[in-house]
Amino acid sequence: MKQDISFDPVEGVSVAIIPDSGALTPDGQPLWQVYLLNHNDFPLQNVIVNANGYGQQPDGEKVRTSTLRYVFEQVGARTAVPVEPIDPALFHLNNQYWVSYYHGAQIFDKKFIFVPDSIVPDNFTHIALLDQTGVLHS
C-alpha cells in the first residue's frame, strides 16, 4: 500500500530549461531544452520523467497538453541529461515534470512545476553542470 512506502525528500536533483542557441523555431526564436540534473555523488536508477503542461490560453480557454513519459535506465553522478525540447509557445502554461527514480532500494519522486511566464531571462541563473544559463528548478 502507498502508506507503507517511505518517501524520503528528494535532494540533489533538479530540472532546468535553457535556450538552445544552435536551434531556432520556424519564426526565428531559439528552441529551448529541458534537462534533468543529478548533482549527487551517486547515479539515479530507473528514472521516469512525466512531462505535461496545463493552464489557460490568453483567451481564457483551459488547455492541457499530452503527458509524455521519458525513461532513463541510469542518470550518472554529477551529470545532466536532455529530457525534451520545449516550445516557447507553452511558457504561459504550468509546465510540470514529475521525476521518479531509485537510489538503492529506495524510491524517490518529486514534481517540478515551472509556473506560467517564469521561463524568462529575468529568472536565468548559471547552471554549473551545463555551463550555461537558464531557469533552474530545484
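1. At 48% relative accessibility, R78 counts as partly exposed, because a residue is called buried under 20% and exposed over 50%, with partly exposed in between. The structure discussed here is a predicted model, and the points below should be read with that in mind. R78 has its place in the loop between β5 and β6, and its phi is near 50°, a positive value in a residue other than glycine.

2. Which residue meets R78 in a salt bridge? The partner is D41, and the distance between the two side chains, taken from N to O, is 2.9 Å. D41 lies in the loop between β2 (30-38) and β3, while R78 lies in the loop between β5 (68-75) and β6, so the pair ties together parts that are 37 residues apart in sequence. D41 has a relative accessible area of 63% and is therefore exposed, whereas R78 is partly exposed. The count of salt bridges in this model comes to one. As background, side chains of opposite charge can pair when their charged atoms come close.

3. A positive phi is also found at N46, where the angle is about 50° although N46 is not a glycine. The place of N46 is in strand β3, and with a relative accessible area of 45% this residue counts as partly exposed.

4. Strand β3, which covers residues 44-56, also holds G55. Is G55 buried or partly exposed? With a relative accessibility of 23%, G55 counts as partly exposed, because the limit for a buried residue is under 20%. When neighbours within four places in sequence are left aside, the residues in contact with G55 are E61, K62, V63 and L93. The C-alpha atoms of G55 and Y35 are separated by 22 Å, and these two residues stand 20 residues apart along the chain.

5. The model contains an open sheet of five strands, in the order β6-β2-β1-β10-β9, and the pairing in this sheet is antiparallel. Its edge strands are β6 (79-86) and β9, each of which pairs on one side only. On average, neighbouring strands of this sheet are turned by 45° against each other, with direction ignored. In general, strands of a sheet pair through backbone hydrogen bonds, either parallel or antiparallel.

6. For a reader who wishes to follow the pairing residue by residue, I127 has Q132 in β10 as its bridge partner.

7. The aromatic pairs in this model number four. In one of them, W32 and F91 are arranged edge-to-face, with 5.1 Å from centre to centre and 90° between the planes. W32 lies in strand β2 and F91 in the loop between β6 and β7 (94-103), so this pair ties together parts that are 59 residues apart in sequence. Both W32 and F91 are buried.

8. W32 forms an edge-to-face pair with F124 as well, and here the centres are 5.9 Å apart and the planes make an angle of 65°. This pair links distant parts of the chain, since W32 is in strand β2 and F124 is in the loop between β8 and β9, 92 residues apart. W32 has a relative accessible area of 10% and is buried, whereas F124, with a relative accessible area of 28%, is partly exposed. Through such ring pairs, W32, F91 and F124 are linked into a cluster.

9. The loop between β8 (106-114) and β9 (125-127) is also the place of S118. Why does S118 count as buried? Its relative accessibility is 14%, and the term buried applies under 20%. Apart from neighbours within four places in sequence, S118 is in contact with N123 and V135.

Key: Residues are numbered from 1 along each chain as its sequence is written. This is a predicted model: local features need pLDDT of at least 70, side-chain atom pairs count only at pLDDT 80 or more; totals for chains, interfaces and linings use all residues. Side-chain values use heavy atoms; hydrogens and water are left out. Helices (H or I, at least four residues) and strands (E, at least two) are DSSP runs, numbered from the N terminus. Buried means under 20% relative accessible area, exposed over 50%, partly exposed in between (1.4 Å probe, protein chains only). Contact means heavy atoms within 4.5 Å. Two strands pair if DSSP finds at least two bridges between them. Axes are lines fitted to C-alpha atoms, for helices over the stretch in contact, and angles run from 0 to 180 degrees between N-to-C directions. A salt bridge is a side-chain nitrogen of Lys or Arg within 4 Å of a carboxyl oxygen of Asp or Glu. Rings of Phe, Tyr and Trp (its six-membered ring) pair if their centres lie within 6.5 Å; planes under 30 degrees apart count as stacked, over 60 as edge-to-face and the rest as tilted.
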